[in-house]
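Walk through this fold with me, strand by strand and then through its spaces and charged pairs. Keep the viewer open.

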Amino acid sequence: MTTYWCERAWLPSGIAAGVAIEVTGDRITAVTPGAPRAGVVLTGLTLPGFANGHSHAFHRALRGRTHHERGTFWTWRERMYALASRLDPDTYHRLARGVYAEMVLAGYTSVGEFHYLHHAPGGKPYADPNAMGEALRQAAADAGIRLTLLDTCYLAGGIGVEPDEVQRRFSDGSAEAWAARVAALKEDDGFRVGAAIHSVRAVPADQLSLVDSPCVVHVHLSEQRAENEQSLAAYGCTPTELLYERGVLTDRLVAVHATHLTRLDVERLGAARARACFCPTTERDLGDGIGPARALRDARVRLGIGSDSNAVVDAFEETRALELDDRLAAEERGRFTAEELLEAGTDHAAVGWPEVGALAEGAGADFVTVGLDSVRTAGIEPSGVVFAASGADVRHVVVAGREVVRDGRHTLIERPETVLAKEIEALWQS
């Protein structure tokens, strides 16, 4: 057993001082406020670990490389496809271990990897059909983060359009073939397997219901207006309505982005008790728009956050953006409380880890300590960390009972920034 003494800790009942957290194995076995100072001392504020509900790890190599000629969505997409064509299991493993280390340093203790880069160029399966997924599993283990592989069904290049040369790497040919491949993936203590529908553009309507998992099912939903227009033209309904009609809209569904929704779409998602995962820094980067976060929450849709393209990897930046972007859309302040933001930022159930996300007895032992003495956090109220802190303020991270970040340094991967620089430069020179 290890005892951590927290100067302050954000418990389910609120922020408390002098909190002793006892950890045995990968679980919290006791939480005692007002305890004497003993054990591993964590100064600052300790919070539950954050959950990264939506990531494309390989997109990290695009950061700072898609802004030429002002950078449209289409110029970004061209570079993304070029990058995808260069990756193999070895290069993806090396890149992803740096990306996942960056995530832990930024406050995330679990990640949902929306994984569709399955096969070799041209669509030929590797000798191990899950070689690319296994590369991600190993990368997450190296970096000390919980990983849910949201294995993604991606069958078409658009509604009624065959996959192009690059997209053939993404496709298994049919939902049945996708399911057979995914069935070979085996979970372990730090690795779980969920499912994803890339979008209603990439999976034909008659195959949507075949993409399923007892864990969670994610889907890119109404990220751009063009997706809605194409769905209306082909099916006579919005993407949300199509999922509803095909029986996909359940409490295991996580709608990623959920940007351009009708009032009925919001009602459907709420009635199903579905989740929505917002990725504000990517939605800004791609110019997608601002989704109806407050309206979804009021409809009883559970909210989460993700780093998506990894243009920014910072749990605090993504979490507070729910409030700040909603202020811009509504032209008023006070859209979410700090407690609601923390709840969204720590929704590990959205990626299949329901036991994680609270500093409470019996919960998974994931927590993050933030310094309250930086130029960003000096003088704030402790609950203000969700508005003031950044990933640079993360001092200590425990994942499943293991110290992964100590005094701001990753304990498992030396100098992740060097790993990232080396691998990204090599990819673009290949």
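L45 stands opposite V370 in β13. Two strands pair if DSSP finds at least two bridges between them. Helices (H or I, at least four residues) and strands (E, at least two) are DSSP runs, numbered from the N terminus. This is a predicted model: local features need pLDDT of at least 70, side-chain atom pairs count only at pLDDT 80 or more, and totals for chains, interfaces and linings use all residues. Residues are numbered from 1 along each chain as its sequence is written, and side-chain values use heavy atoms, with hydrogens and water left out.

Now widen the view to the sheet. Eight strands form an open sheet with mixed pairing, in the order β3-β2-β1-β4-β13-β14-β15-β16. The edges are β3 (27-32) and β16 (409-410); each has a single partner strand, so one side of each is left without a neighbour in the sheet.

Next come the spaces. The largest pocket holds about 540 Å³ of space. A pocket is found on a 1 Å grid over the protein atoms alone, as an open set of points with protein on both sides within 12 Å along at least five of seven lines, while a cavity is a set where a 1.4 Å probe fits but cannot get out; lining residues have an atom within 4 Å of a point. Grid points are joined across faces, edges and corners, and a volume is the space filled by probe spheres set on the points. The largest pocket is lined by 31 residues, and F73, R77, H198, R201 and E223 lie nearest its centre. The largest share, six residues, comes from α1. By class, the lining has 13 nonpolar, 13 polar and five charged residues. Here Ala, Val, Leu, Ile, Met, Phe, Trp, Tyr, Cys and Pro count as nonpolar, Asp, Glu, Lys and Arg as charged, and the others, Gly among them, as polar.

E223 leads on to D288. D288 lies in the loop between α8 (280-285) and α9 (293-298). The C-alpha atoms of D288 and E223 are separated by 6.5 Å, though the two are 65 residues apart along the chain. Is D288 buried or exposed? At 5% relative accessibility, D288 counts as buried. Buried means under 20% relative accessible area, exposed over 50%, and partly exposed in between (1.4 Å probe, protein chains only).

A search of the whole structure finds one cavity of 30 Å³ or more. Its lining includes A51, C277, A344 and D347. A344 is also among the buried residues of α11. Six of the eight residues of helix α11 (residues 338-345) are buried, so this helix is largely enclosed by the rest of the structure.

Finish with charge. The structure holds 29 salt bridges, each a side-chain nitrogen of Lys or Arg within 4 Å of a carboxyl oxygen of Asp or Glu. In one of them, the side chains of R137 and D188 meet at 2.8 Å, N to O. R137 lies in helix α3 (residues 131-143) and D188 in the loop between α4 (175-182) and β8 (191-197), so the pair ties together parts that are 51 residues apart in sequence. R137 is buried, with a relative accessible area of 16%. D188, at 39%, counts as partly exposed.
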